[in-house]
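This report describes contacts, core packing and strand pairing in a predicted model. The sequence and structure are shown first.

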Amino acid sequence: MRVGAVLAAALGLSAACGGGGSGGPDAGDPNAEVCPVAAGDGVSFDPAADPCRWLSRYRFFVSTDLATLTANDRVVPYDLNTPLFSDYAWKSRFIYLADGQTMTYDDTDSFSLPEGAVILKTFSYPDDMRQPDGPIRHIETRLLIHRNDGWEGLPYVWNDDQADARLSVAGAQEHISWIHSDGSQRDVDYVVPNKNQCKQCHEEAVDVLGPIGPKARHINRDLDYGAGPENQLTHFADLGMLTGAPADPADAPRDAVFDDDATGTVDQRARAWLDINCAHCHNPGGAARVSGLDLRSAQTTPYDFGICKTPVAAGPGSGGLQYDIVPGDPDHSILVYRIDSTDPAVMMPELGRHVVHEEGVALIRDWIAAMPADPCLAPAPAPATR
Amino acid sequence: MKSRYAVCALALAAAACGNSEPPCEGPNGPCIEIDPGPDAQTRAQEALINAMDGDIILFNKGTFDLTLGLSLDVAGVTIRGRGMDKTILSFKNQTDGAEGILVTADNFTIEEIAVEDTVGDAIKVEGADGVTFRRTRAEWTDGPQSSNGGYGLYPVQCQHVLIEGSVARGASDSGIYVGQSQYVIVRDSRADNNVAGIEIENTSDADVHGNTSTNNTGGILVFNLPGLQRERGDRCRIFDNDIYDNSTDNFAPAGNIVGNVPRGTGIAVMAGHSVEIFGNRIRDNGTVNLGIISYLTLMLDYSDANYDPYSDTIYIHDNTFSGGGDQPMGGLGFLVVQALTTIMPAPILVPDIVEDGYVDPELAVGGQLPADYKTCIQNNGDADYASLDVPNDYASVSLDLAAHDCSHPALPEVVLPGSN
């Protein structure tokens, strides 16, 4: 078993390394490379070329031991204040910009990234979440590529031996086990989304695929780049990769960290959690625009973010309840019912989640419970009695 | 003969020689064929991802056991089967995905295929211009169950939608549901054993004709709901349909708007604007054959200043009504009986056409809708009528059909490019 996996990976790697001279795709060999490779040691990425079949080929990571995710030049890690929950997977994020390229700061929307930019996100599970430096297994690395005709998402699935990750446009399914932070054994049938499903989340304007994470409010935080904690906005600006950001990060928006009450009130933390977990679809240009429910943290109209709002196409997702949020009453709020479910007909988000985010659900329950009670009944005009 | 079969089996090339189906050709050459089998899920999804404008992706005869939803984001693609009783995409073992097929691309056609037992909606098309469902069946095979998915054929925020010759069965919300769309034809299709058979919601310029809607909770619904991006639907024609015996208990999970539709509803218009209902055969719907109501009658909270909750400009003519009204059910049935009890002895037989009596105050003159907006009812045989005066606690319930002897200009036919 083990030998077979190593052998398969070795074949895969040799194909990846040797495919450059063949002058085009080899239909007979599904492992043959189809993308060109640049000379030198730097990142080898051409936004106009066909996608590489193997992640190593791009040299985003120093490829002698790809699994360490050691970033090459111009590939810069970052983190989010409150991340999207993805079945407790750990994620590492990088932005790649070619030499001389910069992204442009925005207060509310995603930063404007130039053509040729790539955002990389790797989803991983440690054997034991209590031992962050222990063995860890990568499942997939998603590339979000800014081509000249827009963004494209590509899922790469890691081999069993972690030597490389292969482009898998149809996605994949994998059973994962780990020891959770509370010491319990956890399992999930992890689903790598297919290429089309990228758009289901990364569509913040109608029919426009784009990045979600690189917004000021998400990345305005510290990260240790090797010389102690440093603000990420400052770090990108100092590298010449970000223009237009306030000189002082305190002047930029900053979302709360959902599980750190030093960073915000329950309301702020709940809205930050909803923003990153829901608003990629639940915004006026997103895939869930048809529901009329807008869960961006910037939405201040209570009805629009679900207060006493009836669902439109919830189906079994209503759970027999009438309103998205009944203030003071989480048990009668459809929002709680759906984030607390793993039934694919019910659960929210629809994609990328197969277990309940217990800490997130607890926060949303606290948030709704703390609202002044309102049973959401009589209609506003011309009340009828019967 | 015998040796030929043996060669087939050896070659594992069922598509090439195992069946006698006609060859499939599209504008781009041969169709991309998918056969049932253990790797059908991956091959189908890869084909949908790699498809190009003009491609036809052909699912051959048989049952495809799919565990994940399929999705398509390439314009101009056709998904085709070998007949809606021959090619079956079964999602009975679906573990992931909120719908069976999700389409987010323009100029999409699906035809000659069945989608069964999805955990959520069967076929959802969102934000597309140019959508055709032709001889396509969406069904939940265990019959009406609240655990069934919500919508069968489900275009939403689309333009230029044609649904024809199709079947929807078992949806826990609506079998054929067109939401927040414009320029829509639903014709020659069948909806049965759904909560709502056919629902046109927040949609403008829709023609619904030649359909059979029976054994649902409600046959055909024309609704406008608050809190949506496309707030207002105008101009819907419902004509030449057979709408009868919609007597399935409401099995929608509570909290869904259609959960308010009582068993035995033929046609219901809620907050509808310019709806022309003519030439239909409507019978034996136990609560009411045809109801016109305001959203306010549902007594649900909303907070949407742009929303118009009142129905107006309804024109009902040349329909045939018979039977029905003998088993009023649900909250609306209760309300109807309460109102009619004020003016007639029990047992109440609900008239064919019933209005709740809410009047849009912005349109009203002297408390009544003026001629341009009032409900007009003509040439419906011996159909009877009631207005319930719900807003005034049934103070002046009226059976006066003659007061509605008027007409509105006929609504224009919906014409879709390339379809007639």
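**Surroundings of A:Tyr96**

Beyond its neighbours within four places in sequence, A:Tyr96 is in contact with A:Val43, A:Phe45, A:Phe60, A:Arg74, A:Val75, A:Ala117, A:Val118 and A:Leu120.

**The largest nonpolar core**

The largest nonpolar core holds 213 residues, and A:Tyr96 and B:Ile57 are the members that touch the most others. Helix α5 of chain A (residues 266-278) provides the largest share of this core, with six residues. The core lies between domain 1 (45-251) and domain 2 (266-369) of chain A, because both domains give residues to this core.

**The interface between chains A and B**

Contacts between the chains involve 44 residues of chain A and 51 residues of chain B. On the side of chain A that touches chain B, β9 (185-192) and α2 (195-201) of chain A each supply at least two residues. The largest share of that side, four residues, is from α2(A). By residue class, the side of chain A that touches chain B comprises 25 nonpolar, 11 polar and eight charged residues.

**Strand β19 of chain B and its partners**

Strand β19 of chain B (residues 196-201) is mostly covered, with six of its six residues buried. Five bridges pair β19(B) in the parallel sense with strand β16 of chain B (residues 174-179). Within this pairing, B:Glu201 in β19(B) is the bridge partner of B:Gly179.

Strand β22 of chain B (residues 218-223) also runs parallel to β19(B), and five bridges join the two. Here B:Gly218 in β22(B) is the bridge partner of B:Ala196.

Conventions: Residues numbered from 1 in each chain as written. Chains lettered and ligands numbered in written order. Predicted model: local features only at pLDDT ≥ 70, side-chain atom pairs only at ≥ 80, totals over all residues. Contact = placed C-beta atoms within 7 Å. Nonpolar A, V, L, I, M, F, W, Y, C, P; charged D, E, K, R; others polar. Core = buried A, V, L, I, M, F, W, Y, C linked by C-beta atoms within 7 Å. Buried ≥ 20, exposed ≤ 12 C-beta atoms within 10 Å, placed from the backbone. Domains from an automatic or database assignment. Pairing = 2+ DSSP bridges.
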